[in-house]
Amino acid sequence: MAAVSGKFGRFKEFPLLRDVLNRLAGPGWEALEGTVPAASKNSLASLTTAATAGQQRFAVYPSCQQPRWIIPLENSRSARLALDLYAPYRIKGKLAKAALAGALMAQCYGWRGSAVQLSPTAFAELRTLCEQHFGESQPMFSAQIGTPGKHRKVTVQVMRRGGEVLGFIKYGLTPEAAERLRHESGVLRWLQVFPSMQPHVPQVLCGREYRGSFLLLQTSGPQGAGPIEMGAAHTSFLRSLAEISHCEMRGADLIAKLEEVWASSRSLLSVETNGTMRRALSASARELRGRSVACGTIHGDFAPWNTRLHDGQLY
């Protein structure tokens, strides 16, 4: 476990952030005292130049208490590009990302935020892994911590100093998340065997047990966000999947399976979302009564917000 010195003792109040850094950065990090002050008093430059002997500093947003983004503060360009990891679809999320990106480009912060400082040896194991697979000895990392739940994971974006995205690291924070990543790794390796699927899915570079969970390292894809509404690209992608492997399932059995999945997550969803799910399943049950449904391959992370679009093809 990473040791925290006396003046940073209150950092024990941030168990999630501490757990993430202990697992991924390893020993040798510490919390900066206080927070990053508002833009009128400090700039990004004053933070980065204060680091000594190769120490690394990261902004933590929205707070250490509820961390979602961990952003490198080496320079404004890398900090802004680190946000590419987050592809919001809702207006609120888009506005928040745009505001933060603008502040980073201006080398200042428009609101108070927390930060952590890491020693030069932090992320040593991950750096070695990235050098082996990408040939980059000094990669930069940004991270997004997933939403609370039994499948919560951390997604780390691996970049060069200039901001070029090399790949992604996924790491499970719960046993269920680790198991899902093991399954995802296996499915992606299997899909890569088929030439028709190679342009659509990332290549698995490494998938192994790591510090009590499972770590998945994969190549990056196109940067353009995929469409959220069903269209030709989705149809083409699903058709390619169906050509590889598919099965028929009775409509009633499919609805029952979906109800099991929903039941396991119901307590985490809002009243509105649960109401929508109830109506959707009820309508689907009526529509599929006495019918069969063609089903295909899943790996646990096929979702609109995880897709990219390039030359009309879904990735």
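Modeller: Contact here means heavy atoms within 4.5 Å. The model is predicted.

Biologist: Which residues is His200 in contact with, leaving aside its neighbours within four places in sequence?

Modeller: His200 sits in the loop between α6 (175-191) and β8 (204-210). Once neighbours within four places in sequence are set aside, the residues in contact with His200 are Phe237, Gln313, Leu314 and Tyr315.

Biologist: Does His200 count as buried or exposed?

Modeller: The cut-off for buried is under 20% relative accessible area. His200 has a relative accessibility of 6%, so the residue counts as buried.

Biologist: Where does Leu173 lie, and what is its relative accessible area?

Modeller: Leu173 belongs to the loop between β7 (165-172) and α6. The residue is buried, and its relative accessible area is 12%.

Biologist: What separates the C-alpha atoms of Leu173 and Val154?

Modeller: Val154 is among the residues in contact with Leu173, as are Leu16, Asp19, Val20, Arg23, Ile145, Arg152 and Lys153. Leu173 and Val154 are 19 residues apart along the chain, and the separation of their C-alpha atoms is 7.1 Å.

Biologist: Is α8 roughly parallel or antiparallel to α9?

Modeller: Helix α8 covers residues 251-265 and helix α9 covers residues 271-288. Their axes are 9 Å apart, at an angle of about 170 degrees. Angles over 145 degrees count as roughly antiparallel. The relation of α8 to α9 is therefore roughly antiparallel.

Biologist: How many nonpolar residues does the contact of α8 with α9 have?

Modeller: From α8, the residues are Gly251, Leu254, Ile255, Leu258, Glu259 and Trp262. They meet Asn274, Met277, Arg278, Leu281, Ser284, Ala285 and Leu288 in α9. By class, two residues of this contact are charged, three are polar and the nonpolar ones number eight.

Biologist: What share of the contacts with a separation of 6 or more comes from residues 24 or more positions apart?

Modeller: The protein chain has nine helices and 13 strands. Of its 315 residues, 43% count as buried. Among contacts with a separation of 6 or more, the share from residues 24 or more positions apart is 66%.

Biologist: Over which residues is the pLDDT below 50, with 15 contacts beyond near neighbours in sequence?

Modeller: The average pLDDT of the protein chain is 80, and 81% of the residues score at least 70. The stretch with pLDDT below 50 and 15 contacts beyond near neighbours in sequence is residues 1-9.

Definitions and conventions
Residues numbered from 1 in each chain as written. Predicted model: local features only at pLDDT ≥ 70, side-chain atom pairs only at ≥ 80, totals over all residues. Heavy atoms only, no water. Helix = DSSP H or I, 4+ residues; strand = E, 2+ residues; numbered from the N terminus. Buried < 20%, exposed > 50% of the residue type's maximum accessible area, 1.4 Å probe, protein only. pLDDT = per-residue confidence, 0-100. Axes fitted to C-alpha atoms, helices over the stretch in contact; angles between N-to-C directions. Parallel < 35°, antiparallel > 145°, perpendicular 65-115°, else oblique. Nonpolar A, V, L, I, M, F, W, Y, C, P; charged D, E, K, R; others polar.
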